[in-house]
Amino acid sequence: MANLVIENVKKRYGQNEILKGINISIETGEFLILVGPSGCGKSTLMNSIAGLEEVSDGRIMIDGQDVTFASPKDRDIAMVFQSYALYPNMTVAENISFGLEMRKVPKEEREKEVSRVADMLQIGHLLKRKPAQLSGGQRQRVAMGRALARRPKMYLFDEPLSNLDAKLRVEMRTEIKKLHQKLGTTIVYVTHDQIEAMTLADRIAVMKDGEVQQLGTPQEIYDDPANLFVAGFMGSPAMNFIPAQVVEQNGVCALSLKTQSNVVLPFPKPDALSGHLGQTVLLGLRPEMITEPQPHKEGLEFVVKADIEVEVTEPMGADTMIVTRIENAEVNCRSNPAYSAQPGDTIAMMFDTSKAVVFDCETEERLDK
Amino acid sequence: MANLVIENVKKRYGQNEILKGINISIETGEFLILVGPSGCGKSTLMNSIAGLEEVSDGRIMIDGQDVTFASPKDRDIAMVFQSYALYPNMTVAENISFGLEMRKVPKEEREKEVSRVADMLQIGHLLKRKPAQLSGGQRQRVAMGRALARRPKMYLFDEPLSNLDAKLRVEMRTEIKKLHQKLGTTIVYVTHDQIEAMTLADRIAVMKDGEVQQLGTPQEIYDDPANLFVAGFMGSPAMNFIPAQVVEQNGVCALSLKTQSNVVLPFPKPDALSGHLGQTVLLGLRPEMITEPQPHKEGLEFVVKADIEVEVTEPMGADTMIVTRIENAEVNCRSNPAYSAQPGDTIAMMFDTSKAVVFDCETEERLDK
Amino acid sequence: GEVEVLHWWTSGGEAAAINVLKQEMTDAGHTWKDFAVAGGGGESAMTVLKSRAIAGNPPASAQIKGPTIQEWGDLGFLTNLDDVAAKGEWDTVLPSVVSSVMKYDGHYVAAPVNVHRVNWMWANPEVFKKAGASIPTTWDQFITEAKKIKAAGFTPLAHGGQAWQDATLFEAIALAKGSDFYNSAFLSMSDETLRSQDMIDVFSTFKAMREFVDPGFSGRDWNIATSMVINGEAAMQIMGDWAKGEFTAAGKKAGIDYVCYPAPGTSGQFTFNIDSLAMFEVDSEDAQMAQQDLARLILEPTFQETFNLNKGSIPARLNMPRDKFDTCAHASMDAFLASASTGDLVPSYAHGMAVNSMVQGAINDVVTNFFNSESMTAEEAVDKLARAVKAANM
Amino acid sequence: MSNIAKRQTSTLDKVLRVALYVTLLAMAFVYLAPFIVMLLTSLKDVEEIRTGTLLSLPASLDFYAWGKAWSGACTGGTCEGIAPYFLNSFQIVIPAVLISTIVGALNGYVISHWKFRGSNFFFAALLLGCFIPFQVILLPMAKTLGWLGVANTTSGLVFVHVVYGVAFTTLFFRNFYQAVPAELVKAARLDGAGFFTIFYRIILPISTPIIVVTIIWQFTQIWNDFLFGVAFSGFDTQPVTVALNNLVNTSFGGKEYNVDMAAAIIAALPTLLVYVLAGKYFVRGLTAGAVKG
Amino acid sequence: MTTKSANSGSGMTQSRRPARLSLADWMPKLVMAPTVITTIVCIYGYMIWTAVLSFTNSRMLPTYKFVGTAQYERLFENDRWLVALSNLGVFGGLFILICLFLGVMLAIFLDQKIRAEGAIRTIYLYPMAISFIVTGTAWKWLLNPTNGIEKMMIEFGFEDFKFNWLSDPDMVVYCLVIAAVWQASGFVMALFLAGLRGVDGEMIKAAQLDGAGIFTTYRRIILPSLKPVFFSALVILSHIAIKSFDLVASLTNGGPGYSSDLPANFMYTHAFNRSQMGLGSASAMVMLGCVLAILIPYLYSELRGERHE
Ligand SMILES: Nc1ncnc2c1ncn2[C@@H]1O[C@H](COP(=O)(O)OP(=O)(O)OP(=O)(O)O)[C@@H](O)[C@H]1O
Ligand SMILES: Nc1ncnc2c1ncn2[C@@H]1O[C@H](COP(=O)(O)OP(=O)(O)OP(=O)(O)O)[C@@H](O)[C@H]1O
Ligand SMILES: [Mg+2]
Ligand SMILES: [Mg+2]
């Protein structure tokens with residue numbers, strides 16, 4: 001229930017500049033997800049927001065107040081630490097209720113709250129244990145519990161579900177979503193789980209090397225990535241980047257691919273390519289856009305069929321990944337498991353470029369913005 | 001490069017029986033993945049295999065030798081701990097090379113190995129740091145590096161990639177797969193990532209409450225789960241369990257569903273249902289088996305179209321989840337994002353029961369085995 | 001050969017005297033190994049001696065005194081010095097009181113170095129003059145005079161609140177009741193005497209001293225107390241003749257800056273405290289030779305003189321030239337000879353010459369506790385004393 | 001903890017900080033008072049001590065007492081001050097501290113990370129044992145040392161100090177290692193490290209603070225020990241405390257308090273030096289980042 | 001902190017263990033062996049020997065004439081012993097409490113990034129370095145009613161200032177406490193400082209976010225995690241309290257009277273100075289008994305509790 005403005009925040013450890021001027025501004029009640037490669041500075045940024053690390057430069061404002069130098073306990077923030085940071089000498093119940101106790105919540109209420117949170121996190125039977133007697137996932141849930149028991153102005157979650165099994169993670173994700181909807185508390189959340197990011201976030205900030213690469217809604221990030229890094233980072237399996245030559249076809253620019261059969265793909269924004277005619281650009285095409293031929297897509301404007309040579313197939317349950325190679329780039333295609341193929345086979349696939357994007361080979365920036 | 005036999009292994013902590021008689025036998029060079037809910041005993045089992053926890057009962061054999069009481073260092077096992085357990089006083093490089101040093105590998109070779117592993121894990125620039133100066137994911141990679149630098153008889157990986165971003169995780173997964181193919185070392189691997197489980201494993205052991213529920217190839221586990229628990233645990237989003245009445249249709253048993261339109265679904269093994277005529281069973285149907293109507297499936301033997309009422313839609317990038325409710329059970333359907341629907345709409349979906357399974361409502365066991 | 005000597009003569013003067021002996025031994029071709037352990041009147045040294053004896057490695061010679069010599073003799077650790085004694089005619093040069101202490105089972109086992117007189121009173125005439133008081137010769141008189149002195153703003157009695165100093169004072173008061181009383185109480189430990197009215201009187205007088213000491217007396221070392229007399233803060237101190245060393249060190253002259261009198265009521269009496277070196281059984285012949293030489297040298301007049309000049313005591317040996325000694329020492333020597341014949345020469349209980357350490361300790365406990373207690377009556381103290389002595393003798 | 005004391009922007013913080021320093025300095029003064037008395041006394045001459053007050057400054061700076069204490073004062077038959085005894089003390093203290101610290105560290109390591117049946121019980125027994133009054137063991141220990149043939153030698157004394165110091169060093173290390181995550185040892189065992197290698201390579205490097213504490217304790221205890229020193233040393237192996245005691249406890253003749261005090265300060269210098277040197281290693285713990293959770 | 005649970009295995013498992021174990025398995029036991037042996041001989045052996053002596057009539061040196069419990073009876077009829085015991089109660093209690101309090105407080109204060117921490121720390125610690133053989137004298141002067149602190153305060157103008165505890169039999173034991181605290185609290189500080197330096201920083205961050213102020217963070221989070229340090233400190237302090245011998249010997253020598261005697265001094269005096277080894281041994285046994293009575297339950301809970309962690 002607070003808005004957060006991060007202005008040009010920098011953080012150095014000795015020589016290393018870890019945060020290189022972060023600017024993020026989020027609204028009251030927004031759910032911001034931070035993603036980025038390991039070591040890009042997510043935890044450091046979280047710590048700075050919470051006031052646990054002094055920033056080297058810049059300003060942090062919560063609810064319009066400059067809190068850059070406020071002490072953590074005055075910021076009214078609850079956080080789940082990536083490393084849990086449980087109190088080893090306290091039981092699980094004590095760990096969870098400590099924050100409430102500090103805020104002078106009466107004992108009865110605390111107990112109610114503890115049991116509520118414990119039920120939600122399915123750790124009710126562990127309340128009397130010490131952290132050392134818990135499994136990894138149980139510890140992580142206690143860390144969650146400690147934050148969730150409180151009603152702060154803002155939650156910071158640093159990879160809170162990474163050690164949970166898929167089933168539990170889905171349940172927890174739902175709980176967090178519900179909680180957010182109910183309380184409307186501002187949340188900043190680090191995750192490496194794409195589905196978590198896509199389903200939970202109001203907006204996603206993609207970081208790299210201490211800089212924010214793109215800040216936008218999940219759909220924006222997914223469909224309209226600012227650069228090659230963002231495009232490649234979000235989505236699993238990652239977007240395919242296929243070197244393609246800009247050619248002219250029927251008077252408009254299109255992209256020529258050297259698959260088994262040479263194929264020319266139409267492009268939704270041909271004008272963006274006009275300046276690059278004859279050059280090679282990188283075509284970004286997500287795996288689900290290269291599928292087995294699907295009758296109902298046949299004949300659509302940006303759909304083209306082409307033959308590819310299967311290098312590897314990877315069954316993944318619901319889908320099978322078919323890996324091929326185009327112009328020396330590995331390309332993943334998502335097909336129905338029923339569409340069977342063997343490595344070495346040449347099969348027909350359907351390329352749907354309606355959502356394709358293109359990048360400059362050198363600068364790695366989007367060309368079609 | 002060793003086979004592993006776990007015979008009736010039990011482990012108690014005080015009153016609590018954590019492992020309740022585990023029996024697993026894997027071949028030399030096999031890649032076994034352990035999955036199961038948080039706290040089910042996976043790490044405990046790993047620790048027992050490594051000899052770090054004395055088992056309360058049972059036997060562990062490696063390469064035909066009883067090692068139940070052998071000291072860990074005689075078992076020649078490398079392990080990645082869920083909690084990393086890095087040596088705080090050593091640099092990253094020293095952490096990685098320690099195991100080699102202990103095995104009297106000459107200095108030069110160690111250095112080569114360290115830089116090889118560091119390159120592979122992308123932590124080459126961190127070699128001089130102490131663990132405390134690393135981010136979560138970097139620590140986890142160092143933990144990996146420590147194991148990968150060695151050439152043991154067996155690797156144990158306890159959620160080794162949980163704190164890495166999706167991209168890195170895919171790369172690491174590939175590296176592990178390559179390593180396994182190259183060295184053929186036996187690997188036991190705990191993960192909560194379904195894709196990891198499906199793509200890496202030769203066999204998967206699904207655990208619950210200290211017991212192995214099913215041990216089989218990924219495809220077996222996915223397509224042919226032993227019971228409701230396994231079926232529900234593997235696959236994300238989870239398999240749908242829909243209460244259905246066993247009816248007779250055209251002389252064979254089939255399943256009747258109360259969707260918007262009452263629908264009767266054929267079942268591949270109708271004989272298995274014959275004993276339950278008139279009773280209610282649980283139909284297990286994965287989300288990808290309930291899709292928007294797809295022309296190329298039209299008319300197949302086990303495909304039936306029916307109307308459902310959309311409760312929620314969840315865009316997930318490559319697909320959109322459509323959630324409906326059948327007989328009070330929430331049912332997830334996987335549809336193409338293009339097939340748009342709004343909550344409250346009634347739309348037609350295609351039910352493909354070719355891979356459906358049924359469970360007893362009470363015992364939760366498979367009925368059609 | 002070598003002699004290892006365990007002793008607690010560590011102060012400057014004592015050390016100088018010891019060095020004389022050491023030099024003589026060296027001249028005689030022996031090696032002197034000095035093992036000094038100071039503290040609490042030799043308590044630490046005794047601990048060391050026990051530990052070394054038990055380890056089977058006792059020193060050749062150790063400073064032991066009084067009845068303790070008998071105890072070590074009982075345990076069979078001591079060696080026979082009769083040969084040296086015969087050559088040195090110890091039986092004649094030593095007074096019988098002294099020689100009897102040096103013998104165990106009729107054989108010499110130790111050599112005496114000195115005789116201390118304990119029942120001395122040291123006074124600052126200046127203070128007396130200022131207060132208009134005169135030197136007391138009885139304890140009753142002491143009390144009247146002390147009151148005058150106190151009224152004049154001086155501390156009448158310089159005293160240190162340590163058990164042995166309390167005992168020294170107590171012993172002096174008891175001695176004033178007569179040598180028979182003293183002997184009966186502290187030598188024969190007669191229950192009757194211990195519970196007698198006289199004893200009650202002794203305790204009462206003793207308690208009366210409490211108001212003549214200053215408030216800071218607790219735990220004070222005796223020499224600090226002496227310096228109070230020297231400085232003119234206090235008028236008197238009851239202390240053995242070793243106190244003289246303090247006066248000398250401060251550059252004071254006997255008879256002028258300070259005076260020495262026997263403690264009130266004990267002018268003809270002499271409580272003695274004899275230091276001696278006992279000889280332990282040693283294996284090698286060389287060492288035995290050295291040991292015998294050491295015993296011989298101790299009794300030589302040169303050593304006796306130097307040592308006692310330094311310590312303020314008188315030589316254990318009779319018929320020594322007395323010209324180097326001061327007036328107080330002369331008085332001491334005279335009293336020593338005189339009292340020996342009258343039966344007024346008594347061993348000091350406070351310094352472990354009269355009774356064994358158990359009884360001494362038991363008496364000390366009662367005495368010191370009584371002196372510091374606000375509520376205990378003399379009768380109670382006497383009762384406690386009698387019981388404590390009995391218990392210690394068990 | 002680094003963050004607790006950091007931001008000092010508000011005036012309240014500043015006031016608190018000033019109060020903190022004031023308290024610390026006031027306490028420092030209280031702790032120093034006896035030392036000041038000793039120091040001042042050591043610089044006065046005997047006459048001044050007799051007449052002056054405790055805290056009065058010496059009339060002139062006079063290091064006579066220091067010189068005498070160091071090399072001139074008599075302690076029995078020798079008048080060489082306490083200087084010759086320093087070497088004896090060092091010969092006892094250094095091996096005794098080293099051995100007892102190492103043994104204690106190993107014991108603590110075993111008791112916290114290599115538990116075996118009865119190890120906890122033994123630890124308790126060891127701790128209870130250290131409450132035995134040292135006075136009662138004098139005689140039996142003397143007998144034992146005699147029997148071992150090391151009575152009244154330096155080795156004998158070292159042995160005694162090690163035996164009775166180990167209970168404490170074990171206590172310190174055990175309680176410190178109790179907080180070291182078990183996973184560290186497990187990881188090292190898997191890496192193929194043996195008992196000693198783990199100790200030497202993993203455990204010892206993170207033990208700095210507790211090693212400092214142990215060394216401070218042991219060094220002080222042994223350096224300042226009088227009872228064992230006097231009872232079990234030979235005449236030529238007496239530690240400095242025995243000399244100091246002899247210097248101070250002279251029963252006859254003028255007491256030179258200035259020399260006493262100077263000697264005491266001199267005798268304490270090595271210990272103080274250890275405090276200053278070892279103090280540098282009161283560093284922040286090193287287990288941070290070792291394990292997650 | 002999952003402890004290696006070798007000792008929690010069931011008997012059945014143990015018996016199945018192969019008989020021949022490698023050297024590595026024996027290593028921990030081997031390492032402990034010297035300590036075990038010396039402990040058994042030099043502590044428990046001597047303790048038993050002392051116990052035996054306490055039933056004998058030993059005087060100057062040990063003898064083996066048994067007198068039953070006579071020595072114990074004498075002991076408890078001895079006023080001085082009773083005074084010494086009760087003094088130990090007062091002295092020990094106060095000393096331990098004050099030292100713990102001061103030690104913790106100073107350690108926490110010093111942990112606040114203090115400038116000149118090294119110097120201040122050394123000042124707090126130095127009293128340990130100086131032998132009581134001499135410090136006793138300095139303290140005697142300081143506490144002396146006529147020319148110590150009292151005089152100083154009077155000179156400063158506090159005419160009515162009275163401080164005569166040293167010569168007051170009822171108060172003298174507090175003088176012991178003052179001097180003992182002065183000497184030992186610095187070490188307790190060091191012990192806690194070392195402990196504080198090992199506390200995980202993340203945990204403290206978490207506490208701050210939970211809304212705990214500095215004080216609460218220390219009280220609820222940091223100090224509880226220093227439980228083992230408390231344990232060490234407590235053992236060390238009770239050890240010092242029980243064995244305070246030099247302190248009494250040099251500061252009061254038991255006086256006035258024997259009002260400041262402590263059991264250790266009683267024991268030493270009787271066993272060594274008064275040739276009552278039997279009585280001394282009996283007093284040592286009683287001392288030990290008292291310690292055990294207090295310590296065993298504590299040790300039990302302390303060492304048991306940890307098994308669950
Ligand atoms: N020292 C202990 N005392 C009591 N119970 C313990 C102890 N250590 C672990 N457990 C319990 O044993 C069970 C299994 O723990 P384990 O760590 O093997 O789980 P896991 O399967 O690895 O779970 P996760 O996926 O969360 O890591 C858990 O329920 C845990 O609470
Ligand atoms: N104390 C330190 N000294 C130097 N560098 C540090 C220190 N702590 C962190 N770093 C570096 O700062 C960078 C950012 O760390 P941070 O923990 O914020 O990463 P992260 O984005 O959370 O990564 P992950 O996803 O792996 O947790 C990392 O490269 C890390 O190595
Ligand atoms: Mg992080
Ligand atoms: Mg686990």
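Predicted model: local features only at pLDDT ≥ 70, side-chain atom pairs only at ≥ 80, totals over all residues.
On the side of chain B, a polar backbone atom of B:Gly39 is 2.8 Å from an oxygen atom of the ligand, and a polar backbone atom of B:Cys40 is 3.2 Å from an oxygen atom of the ligand. Ligand 1 has 630 Å² of accessible area on its own, and the protein covers 92% of that area.

## Ligand 2 and its surroundings

Ligand 2 lies between chains A and B. A shell of 19 residues surrounds ligand 2, and the closest of them are A:Ser43, A:Thr44, B:Arg129, B:Ser135 and B:Gly137. By type, the residues of the shell around ligand 2 divide into 12 polar, four nonpolar and three charged.

A polar side-chain atom of B:Gln138 lies 2.6 Å from an oxygen atom of ligand 2, whereas for B:Gln133 it is a backbone N or O atom that lies 3.2 Å from a nitrogen atom of the ligand. From chain A, a backbone N or O atom of A:Cys40 lies 3.3 Å from an oxygen atom of ligand 2. The protein covers 89% of the 640 Å² of accessible area that ligand 2 has on its own. The elements that give two or more residues to this shell are α1 (42–50) of chain A and α5 (136–148) of chain B.

## Where chain D meets chain C

How many residues of chain D are in contact with chain C? There are 33 of them, and they are in contact with 36 residues of chain C. The size of an interface is often given as the accessible area lost when the parts come together. Between chain D and chain C the buried area is about 2,900 Å², of which carbon and sulfur atoms give 57%. The count of salt bridges between chain D and chain C is zero, while five residue pairs, both at pLDDT 80 or more, are in polar contact.

On the side of chain D that touches chain C, at least two residues are supplied by each of α6 (134–148), α11 (227–232) and α12 (240–248). The largest share, five residues, comes from α6(D). The residues on this side of chain D divide into 16 polar, 14 nonpolar and three charged.

## Which chains touch

Eight pairs of chains touch, and among these pairs the most contacts are between chains D and E. Other pairs stand apart. Chain A and chain C do not touch, and their nearest C-alpha atoms are 49 Å apart. Likewise, no contact joins chain B and chain C, whose closest C-alpha atoms lie 47 Å apart.

How values were computed. Residues numbered from 1 in each chain as written. Chains lettered and ligands numbered in written order. Heavy atoms only, no water. Contact = heavy atoms within 4.5 Å. Buried area = accessible area lost by both parts, 1.4 Å probe. Salt bridge = Lys/Arg side-chain N within 4 Å of Asp/Glu carboxyl O. Polar contact = N/O pair within 3.5 Å; in protein donor to acceptor, adjacent residues only side chain to side chain. Helix = DSSP H or I, 4+ residues; strand = E, 2+ residues; numbered from the N terminus. Nonpolar A, V, L, I, M, F, W, Y, C, P; charged D, E, K, R; others polar. Near = heavy atom within 4 Å. Areas by Shrake-Rupley, 256 points an atom, 1.4 Å probe, with all protein chains shown as cover.
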